[in-house]
Amino acid sequence: MTYSSLIEIPEETLECINGKFVVDLASDIDLRRERHRHPQSNQFWVHLQAVFRQKLPAGQILHGSEAAMNHGDANLAWLQWFLSKMALSQFTLASLTARIQVLRASCPPGHEREKHLLQLQTLVSQRQQRLAAQLEKSDSLNQAQVHCEQVFARWRTGHYQRFSPAARCYIALEELRWGMFGDVCRAQQAIHSHSLVEFVRERAIAQLACDIGASARTRHFYHQWLTFPPATGMMDLKALLSWLGDWCHGEYQPVTWSVTQSWQNIALGMPRICSASRLAGSMVDEIFHLADAD
């Protein structure tokens with residue numbers, strides 16, 4: 001398996017990749033120091049950029065962005081193009097807004113880059129307003145449940161089967177967090193958001209237990225949950241997983257960190273013997289409660 005096939009094959013495409021790619025692209029603009037990534041995660045990020053670069057029509061990247069390119073702001077030009085082509089979630093757009101505000105605050109007044117940042121911020125704001133209006137007009141709670149059913153149907157029918165059992169659970173949760181489900185959770189009152197998250201918790205626990213052929217409370221040594229099945233391209237899948245989970249920290253999200261950062265020793269807070277209920281429940285808490293608060 002190659003990185004390109006991971007992105008291009010519809011049955012294996014992860015919707016959260018687009019959102020995280022765009023956010024990481026913005027985060028890399030004027031980065032004062034390189035973000036701490038494991039070499040395998042960084043290697044996947046480099047290859048992913050190459051894959052997305054191939055999606056750009058010849059000459060399209062420069063259209064309307066020549067000045068930005070002259071100032072070395074290639075990522076700004078990329079962002080403008082991807083924003084015009086990709087369907088992105090409110091979570092992605094909010095993350096972009098926060099990064100653009102930081103960049104504008106550090107940009108000298110009257111600098112050419114400020115104009116391009118303002119254009120980008122306006123584009124993102126317009127997309128956010130349209131999405132917010134759509135959420136208000138539609139039955140958003142029902143849409144969140146439909147999205148949840150779609151993600152768990154993909155898990156149940158084997159779309160994530162080349163990952164470890166715990167990684168399948170993680171990927172399903174990230175698909176929800178970066179998509180419609182996550183947007184609805186963040187837009188709803190606390191009582192409705194809590195209900196949605198608890199619904200996901202029940203589904204995740206049940207499916208994870210089913211994958212390993214045990215009851216939800218049967219405990220297994222952690223290796224059984226984290227071991228990938230033998231498959232072509234397993235190292236590429238691990239690199240993808242490491243990149244998707246590079247937001248987490250071993251001390252604050254020990255289960256998610258242990259599941260995604262397979263190149264490292266497992267975190268101290270990761271239970272050595274655990275059930276599907278403990279494992280999936282912890283990841284739900286770490287992803288939907290801690291990740292969004294960062």
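Helix α8 meets helix α11 through L141, A144, Q145, C148, E149, F152, W155 and R156 on the α8 side, and through H192, L196, F199, V200, R203, A204, Q207, L208 and D211 on the α11 side. Sorted by class, the contact of α8 with α11 holds 10 nonpolar, three polar and four charged residues. The axes of these two helices come within 11 Å and cross at roughly 10 degrees, so α8 and α11 are roughly parallel to each other, angles under 35 degrees being counted that way. Please keep in mind that this is a predicted model.

**More about α8**

Let us stay with this helix for a moment. Helix α8 covers residues 140-156, and its 17 residues should span 24 Å at 1.5 Å a residue; the end C-alpha atoms are 24 Å apart, which agrees. Which residues of α8 are buried? They are S140, A144, H147, C148, V151, F152 and W155. Seen down the axis of α8, the buried residues fall within an arc of 125 degrees, so they line one face of the helix. An α-helix has 3.6 residues a turn, so residues three or four places apart point the same way. The cover over the buried residues of α8 includes α7 (112-137), α9 (165-178), α10 (180-187) and α11 (190-212). Just after α8, G158 adopts a positive phi of about 95 degrees.

Helix α3 (residues 39-55) can be read in a similar way. It has 17 residues and reaches 25 Å from its first C-alpha to its last, close to the 24 Å expected at 1.5 Å a residue. In α3 the buried residues are S41, F44, W45, L48, Q49, V51 and F52. These cover an arc of only 165 degrees around the axis, which puts them on the same side of α3. On the face turned away from that buried side, α3 carries the exposed residues P39 and Q54.

**Helices α2 and α6**

Another pair to look at is α2 (residues 16-27) with α6 (residues 90-105), which pack at an angle of about 0 degrees with their axes 9 Å apart. That angle makes α2 roughly parallel to α6. From α2, the contact uses G19, V22, V23, A26 and S27, and from α6 it uses T92, S95, L96 and R99. The residues of this contact of α2 with α6 divide into four nonpolar, four polar and one charged.

| Helix pair | Angle between axes | Distance between axes |
|---|---|---|
| α8 and α11 | roughly 10 degrees | within 11 Å |
| α2 and α6 | about 0 degrees | 9 Å |

**Two buried residues**

Helix α2 is also the place of D24. Is D24 buried or exposed? At 4% relative accessibility, D24 counts as buried, because the cut-off for buried is under 20%. D24 and S95 lie 71 residues apart in sequence, with 9.7 Å between their C-alpha atoms.

I287 sits in helix α15 (residues 276-290), and at 0% relative accessibility I287 counts as buried. The C-alpha atoms of I287 and C248 are separated by 8.9 Å, and these residues are 39 apart along the chain.

**The chain as a whole**

Stepping back, the protein chain has 15 helices and two strands. Of its 294 residues, 50% are buried. Among contacts between residues at least 6 apart in sequence, 75% join residues at least 24 apart.

Note on methods: Residues are numbered from 1 along each chain as its sequence is written. This is a predicted model: local features need pLDDT of at least 70, side-chain atom pairs count only at pLDDT 80 or more; totals for chains, interfaces and linings use all residues. Side-chain values use heavy atoms; hydrogens and water are left out. Axes are lines fitted to C-alpha atoms, for helices over the stretch in contact, and angles run from 0 to 180 degrees between N-to-C directions. Helices (H or I, at least four residues) and strands (E, at least two) are DSSP runs, numbered from the N terminus. Angles under 35 degrees count as roughly parallel, over 145 as roughly antiparallel, 65 to 115 as roughly perpendicular and the rest as oblique. Contact means heavy atoms within 4.5 Å. Ala, Val, Leu, Ile, Met, Phe, Trp, Tyr, Cys and Pro count as nonpolar, Asp, Glu, Lys and Arg as charged, and the others, Gly among them, as polar. The expected span of a helix is 1.5 Å times one less than its number of residues. Buried means under 20% relative accessible area, exposed over 50%, partly exposed in between (1.4 Å probe, protein chains only). The arc is that of the directions from the helix axis to the C-beta atoms.
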